[in-house]
Structure formats: structure tokens, C-alpha cells
Amino acid sequence: MIHVPEELVRSQAKYNGEAGRAFVAGLPGLAEEFLGRWGLRVTGPSLHGVASLVLPVERVADGTPAALKMQIPDHETEGEPVALRAWDGAGAVRLLDHDPATGTMLLERLDEARPLTSVADTRAALGVAAGLLARLVTVPAPEGLRRLGDIAAGMLDRVPDALVRLGAEDTEDAAVLRDCAAAVREVAGEPGDRLLHWDLHLGNVLAGAREPWLVIDPKPLAGDPGFELLPLLMDRFDPDDVLWRFDLLTEAVGDRGRAVAWTLGRVLQNGLWELAEGEPGLDEAQVAVARILLDGRAGGFRRSP
């Protein structure tokens, strides 16, 4: 029997409702189907994220280690195999097989016990992530992925309602929301065409055998590499670290000015989600990042030590 962790049961019920409960109920059968179809045997306990069940497996024929990943296909996850094929193992986990009908994937096996979060030195960990980011964004986005231009337009359309939810025009949160929206308007006409991971943080980088570190779990879209930076600015958040991290990451993605605008765009995206879900205001740490970048842009951005 395939064990489905209770944490996954709860998250699927919370975020996907009846569809999530049906997905969980079908997981044992789905796993058995693909263990047989792809000639696999389970080699360890079930692993999971918020949305997926992952089984450590090996191919019966030759003992090749792998990971069987099952999740509900949606507008974020359906692009994952497309992106992994485009990267073809260059900085990212390699896709070994994929079933389009169910979204089930067979992936190269990495060491889930050694995420990049296990590296205690933050500068060293961010250096690894920046190097991977630089490689990933060299790849042009394949056709059919979500596009940052569409996402940006949708965000800007929702700003007036979000400001109404905040209730007072003179609050810090309202000012940051307006400033972020203004920055996005400056760059929205050139949203970029690179293949973006969108969820690149230290926990989504695992140690590997083929390469020391590889990226997992993309939620891909086509756009400007500057839209990738915020999660790595927020990992182990310290406001005193924002500028040196931003320096490091912008060296990986190129255009510094556009990276400011699109990072503010990511703060805007998260803020709009939070307000739509009933939060009374924006995340304090992300507001701090936005203010640091806005002040830095206004002051000409001196490089951090």
C-alpha cells in the first residue's frame, strides 16, 4: 500500500476542495498504475510537498534510482515537464518520463535529505542559487507557457480594488502597493521571453549525483529574469542582507533596473494574493524589501560591500 501523508491530505482539502480529496483518494491506484507501467519498485517512504506525492523508486530492469511524482495538473504544474525538457538537466532535475493525461512524472533521483537550506553559510548558499539561476534563464521559454505580460496586466487591473481593501490611502502598505504598481507599468510593455522557474528558493534546490546541486519543482512561465529574485531575497530574511543579495542575483540575471521593477512586481503579486485572501495588509518583510529597493533606485544604488 502507498502511504499518503496526512499533511498532504490536509493541504489538498484546503487548497483544492473536493478535487483535492478525490486526488488523494486516487493516489494509491495512480501510484500502482505507474509503478507497473514504467517498471518501478518503491525503495523508501513517501515524500510530499504542498501539492504533490513523491515516491522514491528504482527501475526494476537496471536499478536506476528515480522519483515518481504525482500532482493535480493545473495552470502552474502543467508547465513543469515542458520546462524540465527545455532545461534538459542543465541546472535542473532531469525528466525521465511523463504522462500528459495525469501529469505524473518520473524524475532523476536527488538527495531530498540535502536541500540547499542545509548549507549554513547564507552567502555560500545564495551563491549556489545565483549560479543555477544564471544558467536557467539563458533558455528561451517554449511556446504554451504562462506569460509574465499577461500576469502583469492582470495584476495592474486588480490594484484599484486592492487599494479599496486597504482602506486608507496614507498607509505604508497602500503607498508600497502604488509604488510597486507604478514600477510594473514601466516595464510591462517588455515582459521578457526567458524560461523562468518562478519558485526558486533554497528549499527547491537539492544535492545530486550528476551535479552538486539541481533545481526542482518549477512553476514555469515566460518572462523577465528579474521576476525570479524575490524568493531568494526572502530566504532567511534579514533587511541588512537585501542589497548584497540583490547585487549577487542581478549579476546572474543582467539588467539591474529591470530587476528592481520586476522584483517590486513580485511584491505586488504576493500583496494582491494576501489581500484577496482576507489579510488586513501586506507582508511586513516584503514591504521592507520593496522600500529598500525603491530607496536604492532613488539614490542611484551604490553597490553593497
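Start by selecting E18 and R21: their side chains meet in a salt bridge, 3.5 Å from N to O. A salt bridge here is a side-chain nitrogen of Lys or Arg within 4 Å of a carboxyl oxygen of Asp or Glu. Side chains of opposite charge can pair when their charged atoms come close. By this rule the count comes to 18 salt bridges.

Before moving on, note that this is a predicted model, in which local features need pLDDT of at least 70, side-chain atom pairs count only at pLDDT 80 or more, and totals for chains, interfaces and linings use all residues. Residues are numbered from 1 along each chain as its sequence is written, and side-chain values use heavy atoms, with hydrogens and water left out.

Now show helix α1, residues 6-37. E18 and R21 are three residues apart in α1, so about one helical turn separates them. Helices (H or I, at least four residues) and strands (E, at least two) are DSSP runs, numbered from the N terminus.

**Helix pair**

Select α3 (residues 122-136) and α7 (residues 242-253). Their axes come within 8 Å and cross at roughly 25°. Axes are lines fitted to C-alpha atoms, for helices over the stretch in contact, and angles run from 0 to 180 degrees between N-to-C directions. α3 and α7 are therefore roughly parallel to each other; that label covers angles under 35 degrees.

Next, colour the contact (heavy atoms within 4.5 Å). On α3, pick T122, R123, L126, G127, A130, L133 and A134. On α7, pick W244, R245, L248, L249, A252 and V253. These residues divide into nine nonpolar, two polar and two charged. Ala, Val, Leu, Ile, Met, Phe, Trp, Tyr, Cys and Pro count as nonpolar, Asp, Glu, Lys and Arg as charged, and the others, Gly among them, as polar.

Go to the three strands ordered β7-β10-β11, an open sheet with antiparallel pairing. Strands pair if DSSP finds at least two bridges between them. β7 (111-115) and β11 (213-215) stand at the edges, each with a single partner strand, so one side of each has no neighbour in the sheet. From one strand to the next, the twist averages 55°. Select β10 (residues 205-207): β10 and β11 pair over three bridges. L206 has L214 of β11 as its bridge partner.

Finish at the open sheet ordered β8-β12-β9, three strands with mixed pairing. Here β8 (146-147) and β9 (194-196) are the edge strands. β9 and β12 (residues 221-223) pair in the antiparallel sense over three bridges. Pick L196, then its bridge partner in β12, L221.

Definitions and conventions: Angles under 35 degrees count as roughly parallel, over 145 as roughly antiparallel, 65 to 115 as roughly perpendicular and the rest as oblique.
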